[in-house]
Every structure is written in structure tokens, then in C-alpha cells.
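Hello,

Here is the structure for you to look over. My notes follow below it.

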Amino acid sequence: MSGSRGVLGPVARDPVAAASALVLVLLTLVAALGPLLAGAPATDFGDIAARRFVAPFGRTPDGVLHLLGTDRFGRDLVLRLVLGARVSLAVGVLAALAALAIGVGAGAVAGYAGGRADRLIVAVTDAALAIPRVPFLLLLVALFRPGLGITIAAIGATGWMTVARLVRAEVRSVRTRPFVEAAGALGARPTRVLARHVLPHALAPALVAAALGVGNAIMLEAGLSFLGLGVQPPTPSWGNMIASGRDALVLAPWVACAPAAIVAIAVLCCSLLADAFERTIAGERVLPQ
Amino acid sequence: MSRALLRRLWAAVPTVLLVLTVTFFGLHLAPGDPVRLFLGPSADEAAAAQMRRALGLDRALAVQYLDWLARFVTGDWGASIAQHRPVTAVLGDAFGPTLLLTGLSLLLTYALGLAIGAVQAVRRHSRLDATLTAVTAVVAALPAYVVGLGLVLVFAYGAALWNWPAWLRLPALGAAGIGADFLGPAARLADRVRHLVLPTATLALVGAAGAARFVRASTVEALRQPFVRTARAKGLGETRVLARHALRNALLPVVTLAGLQLPALFSGVVFVETIFAWPGMGRVTVQAVLGRDYPVVMASTAVFATLVVIGNLLADGAAALLDPRARSTA
């Protein structure tokens, strides 16, 4: 890994990756600033009978334009999407970070310590990889009252295996390099050698996995909320917005389509970005060291 | 071969055991009391205690675990708390539809994925290749529930709205029409097939897009190998070079991938069965989770994990059939 510019440079030159990054940055900005720009709170109902199920580009009787229309309670979908973005993106990023932390920890210990600890961690990782994620997520979520915290924890706890495998492999290969031996010979403690000398070299593939993990986490949060087992209304998340629009699919397809499209776009951008990172790292590997 | 298979089978035991253990302790340590849920809030403490005793929920957790594990392994999966019938019966009813749905979509996934990927590899760097690359990248990233809702919108509601011919108006709910039991055998089969189309297509579309990306990469790689040049040099036709030499070698990683993708397939099944009200294991699991039906949740999670393990073994076996080198080391 040749510093952040070495990885980011080629990604910036790849138009698809650059566009994906731009979309994600915009989504994040909207999520962060949106509620400040919007007027009415998203749970403000008003005259439901007159305002509900206004089609996209339609106006409510009071003359307010609704770009994406309104839902069954007459709430503006753009505003709901902005507020949902805060929840969905936060869950995505936090869950991916949790998975990254567990994965880096487990992978680093397994790869660096070797022996019995390594065998145990590898066995648990393999076993965990064989478990279908969504049924297992359902199980974890069912154990507690569905909500924001358990959604993040459950997605993080079921997504660390890929990171752990990648980090373990990298740590094992870096461990034998001369500079690691040199650090040890200089008297650095194992934890310091691992944290300062080995891990920085092993993080690149973990970051790719994490980029993909954000997309996966967004997709899973929306999926769980869609099943009614994730973020609970009235807190808007993209997933429970899809679920609430599903009942009105005939009458007002836009209520489900708008959040579904946003989820698809966010997940797609994460996956395209991860592809670009992967190509960059693979390209670096081909070059002689 | 059979010894290697046995060893793999033995290695799969810890996975299933881990699932069972986590499931058991997780469900029992979590808040939420199945007895209360079953009896309702108005039941008095004596009735609750009596039921707890009847279900064995008043014993020490370790005792409950070992007892449950022993009975589980011998095929006694207890009774569904919500449905008042054996778990084996509940899951037995749901197993067939899920196997049908996943089996069919797996077949379609790899038939489609192989075709698309092979065409892309042969015509690599053409406009067709670029288009298919873009399309598969987008479709592969779509969540199953988004694709499913999209198909429902178009084929169930849109078809009626736009006056499409009757055969294109596909049912979006359930595994059979309301009057299916009164139909003749041929009509009943047709009804079944029509109900299968949308859920199968949802799973197969997403899967095929992912598979095509992988097939393209591994076929391009195989076409670069010296043995392909050799095959061409000895005068074989391009079709034969592709089918017998390049694709056969490109298939190996694809078969392994198919095994590794099974967990994702079973994750998709949960959403697809919920959207299309397909009476399978995914839907049963979601309902059991919502109702805290412990025995059903535990058994279905274990069945899902076991299916993944069996699927991986089958994938290994298929890889051995394709590649003599894999037989000795498996």
C-alpha cells in the first residue's frame, strides 16, 4: 500500500467510481444537512384526507408542490427520504464499522498468534460463513425488541467473516517480512509490532471489504425494516418506507418505488466503488514490490 | 473419494452444532416470554407456571439445552407453540416449496449466468460485452426485495392496467390459485407453474447477474491459457475449443462459487417468500420470529445451515467430477 493517494488516485480517474463516490457524498450531505433545509417535521400530519397519496409533481390543496408525492398520511416523500437517509446511512456505516472492528481484531489475532488461537478463530469463521445471513439476522433481531441498536449490532455481528479472512491472510504474509523481525529485535512488544508495523500493511483489502460492507449493511437494514423487524415506524428508514408503500402498491406505487430506488442506488454505488478499489489493489499486487 | 466426502461431512458437524447452540442460548436468554405470549396478558401466574412446567421451561438452562440437543439430533423437534402441531410437520410442509423455488432458481441462475458470461468472454471488449457488464453490475447489486416488488408491480398490477394478454398477467401471491384443488391435473400444473414464475425469476435474475460476472472473468482467464492455443493449433473448431476446453476449465471456480453463494440464496428466499406469500421455510421463519415460536425458529435455522453444508458438499462433488485434480486432494 503506497499511501492513500496510491489507492484513491486511480479510483478518481475511473469515471464510474468517481460518479459513485460523488453520489454517496451527496447522499451523505443531504442526510446531514437536509433536516435543516426542510420546513415541516416529517411526522406532521395536517389534513390527511386532502393531502394523502398525492402523485409525484402534484400539489396539495394548500398549493405545496410534492416532487415525489405524498404517502398515506400525507407526508412529503422527499422529506421522508431525507430523514430516512440519516437512519439508513448511519446504520449502514456503523454496522460496517462494527464488522470491520470485529473482523480486523479476529483476523489480526489469528494471523499473528497462529497455533491454537488461529485454529479456533478459523473454525468459528468457517462455521459462521456457512450460516445463511438473513435467517440468522432474523434470529438475532427476534431475541430483542426490534430497533435501531439491535439492527446495527446484528448486521455487524454477522458481517465480519470476510474481513477476518482477508486480514488473517495479509497478516500471515506480512509477519515474515524482515522489517517485522527488525521491530521485534529492537524490543517492540508483540502488540506494538502488530498494531504499528503489521496491521497498516494488512488493511487495504479490509477497507475494500468494508466499502462493500456498507452497501450490504444498507441493503440488510432496509430488508429487515421491510420485514418489520428493523427500524420501527414512525422513525423513517428507507426499508420501513418500502414496507409502508407495499400495501398501497396499486393505488400509489411511488410510495414504495421512491425508497426502493434510493436503496438500489446507494447499494449500487457502494458496490461499484468497492469494485474500483479491488481493481486498484489487484493492479498494485501485479507490480513488482 | 467417499472417504474424503465422509471427512468433509464430519467437518460440517461443528457448523451445525454452532448454529444450534447459538440459537438455543440466544432464544432462551433474550427478553420475551413465549408462555406469556401464548397465554395472553390476562392469564394468572399459576397458569403460566403450570404451562412453563409442562413445556420444561422451568429447568436449568444447561439441562434444557442437553435435553433439547439429544432430542433434536434424534429427530424430535418438539411442537410449534403457535400452530399446535409438530415442528417437523410445520417445516415438512414448508420444505418442499422452498426446495422447488431454490432448486429451480439455482438451475436458471447458472444456465443464464453461463450463457451470458460465455457470450461476453467470446465477444470481450465489444459493445455487447460492455453493455452486459453494465447491466449485470447493476442487477447483481439490486436487493431481492426491490426486484421482487418491481416484478409484482409490472406483471401483476401493470399487466392488468395496460391490458396485457391474460397469460402475461402473473399471480403475485401464494403457490396455487384459490380454486386449484378443483382443477384437472393439467390445469393444476399450469396454475402451479404460473405461481412459480415471479418468485423464481426474482431469485434467478439477481443470481444470474452475479454468476455472469464471475463466468465472464473465469472464461476470459481460461481463454488466455496455453491449452486453448494448443487446442486451436491442432485445428479444433472455435465452438469445440470453447465448449470442451475453455468453458470446462472456467466452470471449476463457478461450481465452487455456486456452493459459496448458497447462504446468499437462502437469504434472498426469506424476502422473496415474504413478498410473494410463498408457503416455504423463509416465510415460516419470519412468522415464527414475529411470534417468538422458539421451536420453529431453532429448527428452521438449523435446517437452513444444514442445507448450506449439503450444498457445499454437492459443489465439491461436482468440482471433483469436472476436475480429476480435485479428486485426490478433496
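Helices here are DSSP runs of H or I with at least four residues, strands are runs of E with at least two, and both are numbered from the N terminus. Please keep in mind that this is a predicted model.

Chain A first. By that count, chain A has 12 helices and two strands. Along the sequence, the order is α-α-α-β-β-α-α-α-α-α-α-α-α-α. Chain A has 289 residues, and 49% of them are buried. Take the contacts in chain A with a separation of 6 or more: 68% of them join residues 24 or more positions apart.

Next, the core. The largest nonpolar core holds 166 residues. Leu137(A), Leu138(A), Val163(A) and Val263(A) have the most contacts inside it. Helix H4 of chain A (residues 77–113) supplies the largest share of this core, with 20 residues. What does Val163(A) touch, not counting residues up to four places away in sequence? The list is Ala99(A), Leu100(A), Gly103(A), Val104(A), Gly107(A), Ala206(A), Ala209(A) and Ala210(A).

Now the contact between the chains. Chain A puts in 33 residues and chain B puts in 37 residues. H6(A) gives the most, nine residues. By type, this side of chain A splits into 29 nonpolar, two polar and two charged residues.

One residue to look at is Leu249(A). It sits in the loop between helix H11 (238–246) and H12 of chain A. Is Leu249(A) buried, partly exposed or exposed? Leu249(A) has 17 other C-beta atoms within 10 Å. Buried takes 20 or more and exposed takes 12 or fewer, so Leu249(A) is partly exposed. Beyond its neighbours within four places in sequence, Leu249(A) is in contact with Ala256(A), and with Val152(B), Leu153(B) and Tyr157(B). Cys269(A) is 20 residues from Leu249(A) in sequence, and their C-alpha atoms are 26 Å apart.

Last, a helix in chain B. Helix H5 of chain B covers residues 87–122, which is 36 residues. At 1.5 Å a residue, H5(B) should span 52 Å. The end C-alpha atoms of H5(B) are 50 Å apart, so the two values agree. H5(B) also bends by about 30° at Phe95(B). A proline, Pro97(B), follows within four residues.

Best wishes

Terms used. Residues numbered from 1 in each chain as written. Chains lettered and ligands numbered in written order. Predicted model: local features only at pLDDT ≥ 70, side-chain atom pairs only at ≥ 80, totals over all residues. Contact = placed C-beta atoms within 7 Å. Nonpolar A, V, L, I, M, F, W, Y, C, P; charged D, E, K, R; others polar. Expected span 1.5 Å × (residues − 1). Bend = angle between axes of the 7 residues up to and from the residue. Core = buried A, V, L, I, M, F, W, Y, C linked by C-beta atoms within 7 Å.
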